[in-house]
Structures are given as structure tokens and as C-alpha cells.
Amino acid sequence: MEPTTLNTARLHLRPFVPGDEEEVYTAVQDPDIQRWTMVPSPYEREHARSFVAETVPAGWREDTAYSFAVRLGPDGPLVAAVGVHVRGPGSYEIGYWAAKEHRGRGYMTEAVAAVSRWAFTAVGAVRLEWRAEVGNAGSRAVAEKTGFRFEGVLRGAVLRRGTARDSWVGALLPSDLGLTPSLPYLPAVGGSA
């Protein structure tokens, strides 16, 4: 897919570029980002360089992942990152982190909502999943404010530092945002399969 830029009332979202390396490196030094996301820990400069110069462009080029740098305007500071990863046909997973000094201002929810709408309207997502290790209350709050519906706990679904951990899972469908789905949806009605 051709790299895309999105704008909201306060934010400018664009694919990461090599010039973002220093800001990414600095933001991801936050112990909470390293604790709750899948970034390497410790996070070295080479990780930031590889992410902005290789991983992000390859994801867009190969249609496997779409990562956005979230900024306060085109020339403003990096406040967050949002990525959409292909899980299977029509199914995608969203992940995100916010720079510590920019948390609590609603930027993350605004960015996740914009990227979610884009995933449904431009990418053709049928379902967008959110997953977070159980206990990541900040991530869950953002997901719920965006409209994701909590679906349960996946036992041992997060593999981190040699340990299997439980994961929360939620999903967003186009209709949850008032959008027309790309495919008809037939929900289960009462009872079990």
C-alpha cells in the first residue's frame, strides 16, 4: 500500500521516517513502554534505527503492517505511535504507545480512532483486534474509549521474556463506528454452537 498521511483536529499521522529515529529512541526509553509493549528491552539505538529505516517501510511495501508516527501537527513533537498489523484475511490487529509526557490528553484515543476508521475504509478491514497483556489498564482505557468491545482473556497468549502471559482481547467492527462493513455480518443469536 502507498504510505498514507492522516489528520485529526489536533494530530498529524504519517509513516515513520529515518528522521524520527532519535525521538523514537528517546520515547521508548520509558520503562512503561518497554514493560507493556513488544518492543525490545533494553531498547537500543539500533532498534530505533531499524524500526524507522527498515521495519516500517517494509510493512507498508509488503502490506503486512502500517505504522504511523503521531505528531502535534506536521512539525510538532512525536506524541505516540499506532500500528495496524495483518492477522489474516480481513483481520487486523492494532497496537500503540504514547510518549510519557503526552499521556492523559486524549491524543492516543484520537489517533487510534483515526487509524481504525482508515483501516476499515482504506484497507478493507472486516475486524480490528486490540490485545494487551492483562493489567495494561492504560491500553484498555484507550481501546474502550475508541469503541472496542472487550471479548475476554486469552490464556498464555503473550510471550514475553521467556514467559507466557494472559492477554485481554477486544474487537472493533465497522458498524461500531457507524461505518458500512465491506462484508455482511451475521452475528450469533443466543445459545452455543
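Select Ser167: at 1% relative accessibility it counts as buried (under 20% relative accessible area; exposed is over 50%, partly exposed in between, with a 1.4 Å probe and protein chains only). This is a predicted model, in which local features need pLDDT of at least 70, side-chain atom pairs count only at pLDDT 80 or more, and totals for chains, interfaces and linings use all residues. Residues are numbered from 1 along each chain as its sequence is written, and side-chain values use heavy atoms, with hydrogens and water left out.

Ser167 lies in strand 8, residues 163–172 (strands are DSSP runs of E, at least two residues, and helices runs of H or I, at least four, numbered from the N terminus). A polar atom of the Ser167 side chain is 3.4 Å from the backbone oxygen of Ala132. Beyond neighbours within four places in sequence, Ser167 is in contact with residues including Arg131, Glu133, Gly152 and Val158 (contact means heavy atoms within 4.5 Å).

Next, select Val169, also in strand 8. Val169 is buried, at 7% relative accessible area. Its contacts, leaving aside neighbours within four places in sequence, include Trp130, Arg149 and Phe150. The C-alpha atoms of Val169 and Ser139 are 11 Å apart, at a separation of 30 residues along the chain.

Then display helix 4 (residues 107–123) and helix 5 (residues 137–146), which pack at an angle of about 55° with axes 9 Å apart (axes are lines fitted to C-alpha atoms over the stretch in contact, and angles run from 0 to 180 degrees between N-to-C directions). On the helix 4 side, select Met108, Thr109, Val112, Ala113 and Ser116; on helix 5, Val142, Lys145 and Thr146 make the contact.

How values were computed: A polar contact is a pair of N or O atoms within 3.5 Å; within protein, one must be able to donate a hydrogen and the other to accept it, and residues adjacent in sequence count only if both atoms are side-chain atoms.
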